[in-house]
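I am opening a notebook on a structure that is new to me, and I want to look up a few things in it one at a time.

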Amino acid sequence: MDDPKKLQRAALKRDPNFKWLLRGGVISMLGDQLTMIALPWLVLKLTGDTLALGFVIALMSIPRAVFILIGGAVVDRYSPKRVLMLSKYANAVLLGLLTLLVLHNQPTLTFALSESLSLTIDLNAHLTLMIIYVLAFCIGLAQAFGIPSGTSIMPQAIAAEHLQAANGVLMGLRQVSMLIGPLMAAGLLAMSGDSGGVVADARGLAFAFGFDCVSFLVSAWTLSKVGQLKAPAQAEAPQSVLRSVGAGLMMVWNDVPLRLCFIYWGTVSLFIGGSMQVAIPVLASEKLHGASALGILMGANGAGMLFGMAGAAVLGARLRFASFGTVLLVADAIAGFLVMPLGAVQAPWQACALMLTLGLLSGYMQINVFTWIQRRVPPHMMGRAMSIFMFIFMGLAPLSAAVTGWVLTMISLSQLFLGGGIILVVFATLAYLLTPIRSISSDNPANTPQPQ
C-alpha cells in the first residue's frame with residue numbers, strides 16, 4: 001500500500017497554484033534578503049552614524065507595525081491576492097527609485113515641471129539621507145499589507161490536506177534564502193567598497209536594490225497565474241475593519257496563556273529585539289572590518305535557523321524536556337548567555353559560531369511557537385492573531401532600534417551586547433519565578449483552564 005504522506009507530497013507537486021506560489025516566493029525571498037543587508041550598509045557607508053542607522057530601521061519598521069493590524073483585517077475582508085499584488089507593485093516602484101538614486105549619485109538632480117519652472121534637489125554629491133528616510137517609511141507601509149496578505153493566501157490557494165506540507169516547504173525555503181541571500185549580498189557589497197565613509201562604487205548596492213525590485217515584479221507575475229481562490233468561510237458577522245481588529249485583540253486578551261506569552265514577547269522585543277538589528281551591522285563594520293563579514297554573520301544565523309527548524313520538525317516531542325512555557329524561557333536564557341560575548345569577538349569565525357547557535361535556538365523555538373499559537377487560536381481568528389503576534393516584534397523592536405543607535409553614542413559595542421544578554425537572562429528568570437508561563441503546556445486547547 002502506498003504511503004499516504006508520499007501521495008500527498010506527489011499531489012502537492014502537481015498542484016499548479018503551489019508551483020506558481022513557490023516560484024514567486026523563492027525569488028522574492030532572495031530579493032528581500034539583499035535589501036535587508038544592503039540598506040543598513042548603505043546608511044553606514046554614507047554617514048558612519050549609528051543613530052542614523054537606527055532611525056532608518058525604525059522608519060521602515062514603525063509604519064509596518066502600526067498598520068499591520070489593519071492590514072490583517074483588510075485581507076480578511078477583501079481578496080488576499082489583490083492586496084498582495086498591490087503591495088508587490090508598490091515595493092517594486094520604491095526599490096526602483098532607490099536603485100536609480102544609488103546609481104545617479106550626483107551633486108544635483110533637476111526635474112523640469114514646465115518650460116519655465118524646474119525643481120532642483122541638492123544631493124551634496126551623495127544620496128541625501130532624507131530621501132532614504134522617506135523611501136524606508138514607504139517600504140514599511142507597503143509591507144504592512146504585504147505580510148498579512150502573503151501569510152493568508154496559502155490556505156485559500158491550496159487544498160486543506162496539503163497545507164502543512166506546503167507551509168513546511170515555504171518556511172524551509174525562507175531559511176535557505178536567509179543563508180544564500182546574505183552570501184550573495186556580501187559579494188555585491190564588496191563591490192561598493194569597504195573603506196571610507198562614502199560609497200566609492202555604487203554598482204553592488206544598486207544591483208542589490210535592483211534585484212529586489214525585479215523580484216517583486218516577477219513574483220507579481222507568478223501571483224497572477226494563481227487560479228481562482230476559494231472564498232473563506234464566514235465564522236462571524238461582517239463588521240468594520242476597526243471592529244474586526246478589536247475582536248482579535250479581545251480574543252488574545254481573554255486567553256490567559258496567550259496574553260501572558262504575548263506580553264512577555266513584547267517586553268523582550270522592546271528591550272532586546274531592535275538592538276540586535278543595529279548592533280550586528282555595527283559589529284561587522286567596526287570589529288570585523290568588511291561588508292562580507294555582515295553577509296557571513298547573517299548567513300550563519302540563517303543556517304542555524306534552518307537546522308533548528310529541521311530538528312523541531314523531524315524530532316518533535318523527542319526534544320521536549322519540559323512544558324512549552326519552560327522550554328521557551330530556558331531557550332531565551334541560553335540565548336542571553338550567547339549574546340553577551342558577541343561584542344568581544346576578535347575573528348569572524350567566533351561571531352559566526354555564536355550566530356549559528358543563536359539561529360539553532362531561534363529556528364527550533366519558531367516552529368514550536370507557531371504550532372502552539374495555531375493549536376490555541378480558532379481558525380476564523382488566525383489571521384488577526386498572527387497579525388498581533390507580528391505586531392509585537394515589528395512594532396516594539398523599531399523603538400528599541402532607534403534607542404540603540406543613540407545608546408551606542410555613549411557606550412561601547414561590547415557593553416551593549418553584554419548588557420543586552422544580561423537583560424534577556426534576567427527577564428527569562430523573572431518570568432519563570434514570578435509568572436505562570438512555566439506551566440503553560442503545548443497540548444492545552446484554548447478552552448482548557450490555565451493557571452491564573
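Leaving aside its neighbours within four places in sequence, which residues is G325 in contact with? I note before answering that I am reading a predicted model. With those neighbours set aside, I find G325 in contact with I437, R438 and I440.

Next I looked up where G325 sits, and I found its place in helix 11, which covers residues 324–339.

I turned then to helix 2, which runs over residues 16–47 and has 32 residues. From its first C-alpha to its last I read a reach of 47 Å, which is close to the 46 Å expected at 1.5 Å a residue. Just after helix 2 comes G48, for which I noted a positive phi of about 65°.

My last entry concerns how helix 2 meets helix 7, the latter made up of residues 203–224. The two helices pack at an angle of about 155°, and their axes are 8 Å apart. Because angles over 145 degrees count as roughly antiparallel, I recorded helix 2 as roughly antiparallel to helix 7. Looking at the residues of this contact between helix 2 and helix 7, I found that they divide into 16 nonpolar, seven polar and three charged. I also noted that helix 2 passes helix 7 in a left-handed crossing.

Terms used
Residues are numbered from 1 along each chain as its sequence is written. This is a predicted model: local features need pLDDT of at least 70, side-chain atom pairs count only at pLDDT 80 or more; totals for chains, interfaces and linings use all residues. Side-chain values use heavy atoms; hydrogens and water are left out. Helices (H or I, at least four residues) and strands (E, at least two) are DSSP runs, numbered from the N terminus. Contact means heavy atoms within 4.5 Å. The expected span of a helix is 1.5 Å times one less than its number of residues. Axes are lines fitted to C-alpha atoms, for helices over the stretch in contact, and angles run from 0 to 180 degrees between N-to-C directions. Angles under 35 degrees count as roughly parallel, over 145 as roughly antiparallel, 65 to 115 as roughly perpendicular and the rest as oblique. A crossing is left-handed if the near helix is turned anticlockwise from the far one by less than a right angle, and right-handed if clockwise. Ala, Val, Leu, Ile, Met, Phe, Trp, Tyr, Cys and Pro count as nonpolar, Asp, Glu, Lys and Arg as charged, and the others, Gly among them, as polar.
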